[in-house]
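Please walk through the structure shown here, looking at its charged side-chain pairs and at one of its sheets.

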Amino acid sequence: MSDAIPSTSQTPSNPHLGNLTPEQALKYTEFKSLCEKEGVYEPGKTRPSLTEGTLIRYLRARKYDPAEALHQLKDTEAWRKANKLDELYDSFDVNAYEDGRKVYHQWTGRRDLTGRPLYVYEISTIKDNMAAFERSSKIAAVPATDGSAPIPGKLRVLFALYENMSEYVLPLANAVPTRPNRDEPVFTTTHIVDLSNMSLMQYWNLKSHMQAASTLASAHYPETLERMFMVGTPSFFPTVWGWIKRWFDPVTTSKIFILSADEVKPTLLQHIRSEDIPKKYGGTLDWAFGDSPKVDEEIVKTAKGLSAENPLRGPVRWVKQADGTAKVVARGVADGKERNEVVAECSHT
């Protein structure tokens, strides 16, 4: 059941402006021009997370078809506006956010060898945290302004977490000056997905929940996955894998690697330092699923004010300043009051 795992040196780096093929570069130029003409992309005016790296993600997701990529990006921007995504994120209840975080992928606060954020997802914990998740999903809906159906409560939680990734985690990872390949932007993430301690019935009960999340995430946060390591797979996993494969396109499934118990530690060490791998998976990091991010030393040096001992809770934004610096700002609602607190600062981006 094991799939071959490429070493880090064998894995091609993410396409970016510095390493696109001549044909891809032409397609990117065409796509960017279309976006500017349509008013979808305008540096300094469109949302901060809509960067050139984001444009490449959309283009890559549509197999370098500029017209198709423009269509998907316009759909996303219209969807964001209709559902007031920025307002949703900035006003999200902090406790509800933390409850919702327990049933989705969690950032460990660490990065892989290429500087990409490392996330972990323990599927079996969903059943233990579902009650809290149900509470968090009952937050008052933000009605869509175009007459379409608003994001369902459960998926609002998911998208708040995706916003955290795009608005905070990825720009923070990009700002670390000591990361490898500094000229290559970080716009993807690495994941460990733990499938242990699950029955076939539990998988079946979660099928619609996970499929809906996957479908909408692919539509509005495309190409944010660099690689996914599946561990703890049960004997019936081939049946489950048959379902999962239908949710993704072939390019995405090619990034998913299924590891046997003996392969977990040596394979992860090809891609992640031991001190950044949670102990459960053979590393030395004292972090368990459900814990807040335990940021590494280089991140602490990058954003003065962050620390592993005092993790941030709830929605957070990375806010670039006109002078090239950046601030880490805690958002969301805590104890009935909306937060807008600068909790860390970075002297370079």
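**Salt bridges and a sheet**

Asp99 has a relative accessibility of 15% and therefore counts as buried, the cut-off being under 20%. The model is a predicted one. Asp99 forms a salt bridge with Lys102, with 3.7 Å between the closest N and O atoms. Lys102, at 29% relative accessibility, counts as partly exposed.

In the whole structure, a search finds 27 salt bridges. One of them joins Glu52 and Lys32, whose closest N and O atoms are 2.9 Å apart. Glu52 belongs to helix H2 (residues 52–61) and Lys32 to helix H1 (residues 22–37), so this pair ties together parts that are 20 residues apart in sequence. Glu52 is partly exposed at 27% relative accessibility, and Lys32 is partly exposed at 21%.

The sheet is open and has three strands in the order E6-E7-E10, with antiparallel pairing. E6 and strand E10 (341–346) each have a single partner strand, so one side of each is left without a neighbour in the sheet. Neighbouring strands are turned by 25° against each other on average, direction ignored.

Strand E6 (residues 316–320) pairs with strand E7 (residues 326–330) over five bridges. Across this pairing, Trp318 stands opposite Val328 and Lys320 opposite Ala326. The hairpin of E6 and E7 has five residues between the strands, and Gly324 in this hairpin takes a positive phi near 95°.

A salt bridge also links the side chains of Lys327 and Glu345 (3.3 Å, N to O). Lys327 lies in strand E7 and Glu345 in strand E10, so the pair ties together parts that are 18 residues apart in sequence. Lys327 is partly exposed at 24% relative accessible area, and Glu345 is partly exposed at 44%.

Methods. Residues numbered from 1 in each chain as written. Predicted model: local features only at pLDDT ≥ 70, side-chain atom pairs only at ≥ 80, totals over all residues. Heavy atoms only, no water. Pairing = 2+ DSSP bridges. Helix = DSSP H or I, 4+ residues; strand = E, 2+ residues; numbered from the N terminus. Axes fitted to C-alpha atoms, helices over the stretch in contact; angles between N-to-C directions. Salt bridge = Lys/Arg side-chain N within 4 Å of Asp/Glu carboxyl O. Buried < 20%, exposed > 50% of the residue type's maximum accessible area, 1.4 Å probe, protein only.
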